[in-house]
Amino acid sequence: QVFVKCHFEYDPNTDNLIPCKEAGLKFACGDILQIVNQEDLNWWQACHTKEGGSAGLIPSQLLEEKRKAFVKRDWDFSTSSGGLCGSMGGKKKKKMMYLTTKNAEFDRHELLIYEEMAKMPPFQRKTLVLIGAQGVGRRSLKNRLILSEPKRFGTTIPFTSRKPKDDEKDGQVYTFVSRNEMENDIKGGRYLEHGEYEGNLYGTKIDSIHRVVESGKICILDVNPQALKVLRTSEFMPYVVFIEAPDLDTLRAMHKAAIDAGVTTKQLTDTDLKKAE
């Protein structure tokens, strides 16, 4: 079963693209819908979770993103195979939600159309995601949680294309791979996030999150907010915590303590720290 939260209002009576207005499903922003069929590229079949009733047509993630991003149509959305207006009793079939990481065009528009949901208590999540500006202590909080409850929490080991130092062992602080292998995996969409520093690639692989979850632990991630586009699905079911930045003097003290403890080697200027306030 696939459930989504709608982040826009929709009325089929005002939609000139829908193939059959009578078959459309009206919903408001914030409504929770159950998706019962995603076989058609442009039109999904869904029903309200609270009101019940029969399924109706709603625009797919792809169609609505094209419409809201003002992307020129490359086919006629008003026609579709399968006779959508004639039959609504299609076989239930779950498909993967649209992956924004694989489409740079839509990724630039920061669109939020449907958010995949799952029914579960807040502390039975698969991932705990820490969000906050640089220097607010996300990594310190993550390490403290793992040290205090190692049976409950775990985290991923980042991948890098740089060569290991003499005292480094593969799989402890970093997993070392070739640049060619890492670039191929990035192109294949196997990384949650990645970047380059001093000519070397670094990144968090999606499979490494799965391994932590499969071990029975909650995977703690301190990632950029853009990663939530991938994480906010039933596959990862994140509990997201935003860490607010303290005043500038406290930030300076926190950053100095992190450097002294060897948690980080990156020096942040006052300009960098002010961005976090």
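This is a predicted model: local features need pLDDT of at least 70, side-chain atom pairs count only at pLDDT 80 or more; totals for chains, interfaces and linings use all residues.
View 1. Asp185 pairs with Arg190 in a salt bridge, and their closest N and O atoms are 3.1 Å apart. Arg190, for its part, counts as partly exposed, at 41% relative accessibility.

View 2. Side chains of opposite charge can pair when their charged atoms come close. Here Arg67 forms a salt bridge with Asp15, with 2.9 Å between the closest N and O atoms. This pair links distant parts of the chain: Arg67 belongs to helix α1 (residues 61–68), while Asp15 sits in the loop between β1 (2–6) and β2 (32–37), and the two are 52 residues apart. Asp15 is buried, with a relative accessible area of 4%, whereas Arg67 is partly exposed, with 27%.

**View 3. Glu64 and Arg67 within helix α1.** Arg67 also meets the side chain of Glu64 in a salt bridge (2.8 Å, N to O). Both residues lie in helix α1, 3 residues apart, which is about one turn of the helix. Is Glu64 buried or exposed? Glu64 is buried, with a relative accessible area of 4%.

**View 4. The open sheet β9-β8-β11-β10.** Now for the strands. Strands of a sheet pair through backbone hydrogen bonds, either parallel or antiparallel. In this sheet, 4 strands are arranged in the order β9-β8-β11-β10, with mixed pairing, and the sheet is open. Why is one side of β9 and of β10 left without a neighbour in the sheet? Strands β9 (175–176) and β10 (191–197) stand at the edges and each has a single partner strand, so one side of each stays without a neighbour there. On the β9 side, 2 bridges join that strand to β8 (residues 159–160), and these two run parallel. Phe159 has Thr175 as its bridge partner in β9.

View 5. Strands β10 and β11 run antiparallel and are joined by 6 bridges.

View 6. Helix α4 (residues 179–187) lies across β8, β10 and β11 (200–205), and runs at about 50 degrees to β11. Helix α5 (residues 206–214) also lies across β8, β10 and β11, running at about 40 degrees to β11.

**View 7. Gly132 and its surroundings.** Our last stop is the loop between β6 (127–131) and α3 (138–148), where Gly132 lies. Gly132 is buried, with a relative accessible area of 14%. Which residues does Gly132 contact, leaving aside its neighbours within four places in sequence? They are Arg138, Phe242 and Ile243. Gly132 and Asp222 are 90 residues apart in sequence, yet their C-alpha atoms are 8.4 Å apart in space.

Methods
Residues are numbered from 1 along each chain as its sequence is written. Side-chain values use heavy atoms; hydrogens and water are left out. Two strands pair if DSSP finds at least two bridges between them. Contact means heavy atoms within 4.5 Å. Axes are lines fitted to C-alpha atoms, for helices over the stretch in contact, and angles run from 0 to 180 degrees between N-to-C directions. Buried means under 20% relative accessible area, exposed over 50%, partly exposed in between (1.4 Å probe, protein chains only). A salt bridge is a side-chain nitrogen of Lys or Arg within 4 Å of a carboxyl oxygen of Asp or Glu.
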